[in-house]
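Subject: Handing over a structure

Hi there,

Here is the structure I promised to pass on to you. Have a look at it first, and then read my notes below.

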Amino acid sequence: MAAKKHQHVDSLATCLGEKVQQTTNFSRDENSLYKFNSTDYTIVACKPKPEPKEKIVAENSVPNTTMLAIPTQNCSFASIQGRRSYQEDRENLKSSLVKTIEEIDAEFSKAAVEHEPYSGSTAVVALIYNKKHVLVANVGDSKAFICSENTESLEAKELTEDHNANRLDERARVEASGGKFELFPSYVPLSMGHFPMTRGIGNVPLKKYGIVATPEVTDWVKLTSKDEFLVVASDGIFESLSTQQVCDFLYEAEDHADISLLAQQIVQKAFLDNLSVVLAPLGSR
């Protein structure tokens, strides 16, 4: 809800009632006008005779007041302000995640210049918010996905998309910076003849060719009662297993009590290098 829109709030004045007079953070004039200012907008509860009027007015109409000390149970305005705070929390998490990955790249690249300039890594991070939503940031070709209950199976719902030259938008950025790709049968195009990705942490000599560490961030994905596992895994896992094969293994596993053991078994099934798996149970299994 935009702060400057006017919205009617049923029974707001009644709900505030005596509570307004119990705090110095509120003001009352002789016309029974109760006012306070929240983070996003000012609420005015007015009880003139003969017909009550209640409305939300624009921000900063009533300076130097606050709603923090007021119990807000059963108040319509509380849910409005709460949704605003919920959105702000999620946006802060999203921006902080991007900034953190960029800072990691800066520190990693600084050390790489001194030791091994071509050192690099992928990165994938998943944040679960309030057990209801998940946000994923990805750099490179590691993956995050959800194994969700389907008819007699678990279906893989991918949350990331690999950063390589098979994506036209990624390829265009690299080529615009002077980068070139070489094609090999049954393999992704290689940047400058040896690098399979278009984004990555480090890889300092390739940055001038459009190889960036900026994460691609999903929108917040709402979790459902059918979502059983969140899987976050490095690219080596998927050189021999697909995301669906991982979900199939989890579905067929008889015992889900030891999540660490399940993760180890996925690594053993993959058997190639660069193997990391994080499993987060979401459902009733």
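**The disulfide**

The link of Cys-147 and Cys-247 is left-handed, with -85 degrees about the S-S bond. The S to S distance in this disulfide is 2.0 Å (a disulfide is a pair of cysteine sulfur atoms within 2.5 Å). The structure holds one disulfide. Cys-147 lies in strand β8 and Cys-247 in helix α4, so the bond ties together parts that are 100 residues apart in sequence. Helices (H or I, at least four residues) and strands (E, at least two) are DSSP runs, numbered from the N terminus.

Before going further, please keep in mind that this is a predicted model: local features need pLDDT of at least 70, side-chain atom pairs count only at pLDDT 80 or more, and totals for chains, interfaces and linings use all residues. Residues are numbered from 1 along each chain as its sequence is written, and side-chain values use heavy atoms, with hydrogens and water left out.

Are the two cysteines buried or exposed? Cys-147 has a relative accessible area of 0% and is therefore buried, and Cys-247, at 0% relative accessibility, counts as buried too. Buried means under 20% relative accessible area, exposed over 50%, and partly exposed in between (1.4 Å probe, protein chains only).

**Around strand β8**

Strand β8 pairs with β9 in the antiparallel sense, over six bridges (two strands pair if DSSP finds at least two bridges between them). Cys-147 has Ala-156 as its bridge partner in β9. The hairpin of β8 and β9 has two residues between the strands, and Glu-152 takes a positive phi near 55 degrees there.

**Aromatic pairs**

A pair of aromatic rings is described by the distance of the centres and the angle of the planes. The structure holds two such pairs. Tyr-129 and Trp-220 form an edge-to-face pair, 5.7 Å centre to centre and with 65 degrees between the planes. This pair links distant parts of the chain, 91 residues apart: Tyr-129 is in strand β6 (residues 123-129), and Trp-220 is in the loop between β13 (216-217) and β14 (221-222). Both Tyr-129 and Trp-220 are buried.

The other pair brings us back to β8. The ring centres of Phe-145 and Phe-238 are 6.0 Å apart and their planes are at 70 degrees, so this pair is edge-to-face. For reference, rings of Phe, Tyr and Trp (its six-membered ring) pair if their centres lie within 6.5 Å; planes under 30 degrees apart count as stacked, over 60 as edge-to-face and the rest as tilted. Phe-145 lies in strand β8 (residues 143-150) and Phe-238 in the loop between β15 (227-233) and α4 (243-252), so parts that are 93 residues apart in sequence are tied together. Phe-145 and Phe-238 are buried.

**Salt bridges**

How many salt bridges does the structure hold? There are nine, where a salt bridge is a side-chain nitrogen of Lys or Arg within 4 Å of a carboxyl oxygen of Asp or Glu. One of them joins Lys-157 to Asp-227, with the closest N and O atoms 3.1 Å apart. Lys-157 lies in strand β9 (residues 153-158) and Asp-227 in strand β15, so this bridge ties together parts that are 70 residues apart in sequence. Lys-157 is partly exposed at 31% relative accessibility, while Asp-227 is buried with a relative accessible area of 1%.

Glu-216 and Arg-167 meet in another salt bridge, at 2.9 Å from N to O. Glu-216 lies in strand β13 and Arg-167 in the loop between β9 and α3 (168-176), so the two partners tie together parts that are 49 residues apart in sequence. Glu-216 is partly exposed, with a relative accessible area of 28%, whereas Arg-167 is buried at 10%. Both residues belong to a salt-bridge network that links Glu-161, Arg-167, Asp-169 and Glu-216.

Arg-199 and Glu-170 also form a salt bridge, with their closest N and O atoms 2.7 Å apart.

Best wishes
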